Structures are given as C-alpha cells and as structure tokens.
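Open the model in your viewer and keep the sequence beside it. The stops below say what to select and what is there.

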Amino acid sequence: MPRPYEAVADAIRTARSIVMQEGSAIAVAARAGDDAALEAASCDLVSRIAQAILDAEQEAMTRNLVAADPFTTRRLSA
C-alpha cells in the first residue's frame, strides 16, 4: 500500500508534466499573438488537469475498495 505522501508526489509530478507540455503551447500562442491558438492551448491545459484529477480520484477509490475488502487474500489464493 502506498504511503500517503506518495500520492501527493505523484500528483505534483503529473501537474509539472502537464504544465511543461501544455504551458509551452500557451507560450508559443501568446508570443505569436494568435488568440485562437491561445484559447485552444488554454482549453487543452484545463482538460488535461481535469482528466488528471478524475484519474487520481478513480485510482484512490479503487485503492480504497481493495483495502476495505476483507476477503482479498482469500480470493487471490483461491
């Protein structure tokens, strides 16, 4: 079972990766003065952040369900 801080560290790594990838597209669009590209890059950034949050919630729920199941070891050994 992961330690509590591992989830936070994973979230920080994920956020950093998203910002590095999508932030560069925002910077390019801003420098070019392309409003449409800036809007699209901003939407991509927001979408990636939202998806990362949903993925983390799903993983946490799955981890909690497995941890709460008292019969997990019996099922695995059967």
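By class, 11 nonpolar, 1 polar and 5 charged residues make up the lining of the largest pocket (nonpolar: Ala, Val, Leu, Ile, Met, Phe, Trp, Tyr, Cys and Pro; charged: Asp, Glu, Lys and Arg; polar: the others, Gly among them). A pocket here is an open set of points on a 1 Å grid where a 1.4 Å probe fits, with protein on both sides within 12 Å along at least five of seven lines; lining residues have an atom within 4 Å of a point.

This is a predicted model: local features need pLDDT of at least 70, side-chain atom pairs count only at pLDDT 80 or more, and totals for chains, interfaces and linings use all residues. Residues are numbered from 1 along each chain, and side-chain values use heavy atoms, leaving out hydrogens and water.

Select A7, D10, A11, T14 and A56, the lining residues closest to the centre of the largest pocket. Helices α1 (4-32) and α2 (35-68) each supply at least two residues of its lining (helices are DSSP runs of H or I, at least four residues).

Next, select D10 with R13. They form a salt bridge with the closest N and O atoms 2.3 Å apart (a Lys or Arg side-chain nitrogen within 4 Å of an Asp or Glu carboxyl oxygen). Both lie in α1, 3 residues apart, about one helical turn.

Last, select R48 and E22, a salt bridge at 2.9 Å between the closest N and O atoms. R48 lies in α2 and E22 in α1, so the pair ties together parts 26 residues apart in sequence. E22 is buried at 13% relative accessibility (buried means under 20%, exposed over 50%, partly exposed in between, with a 1.4 Å probe and protein chains only), whereas R48 is partly exposed at 30%.
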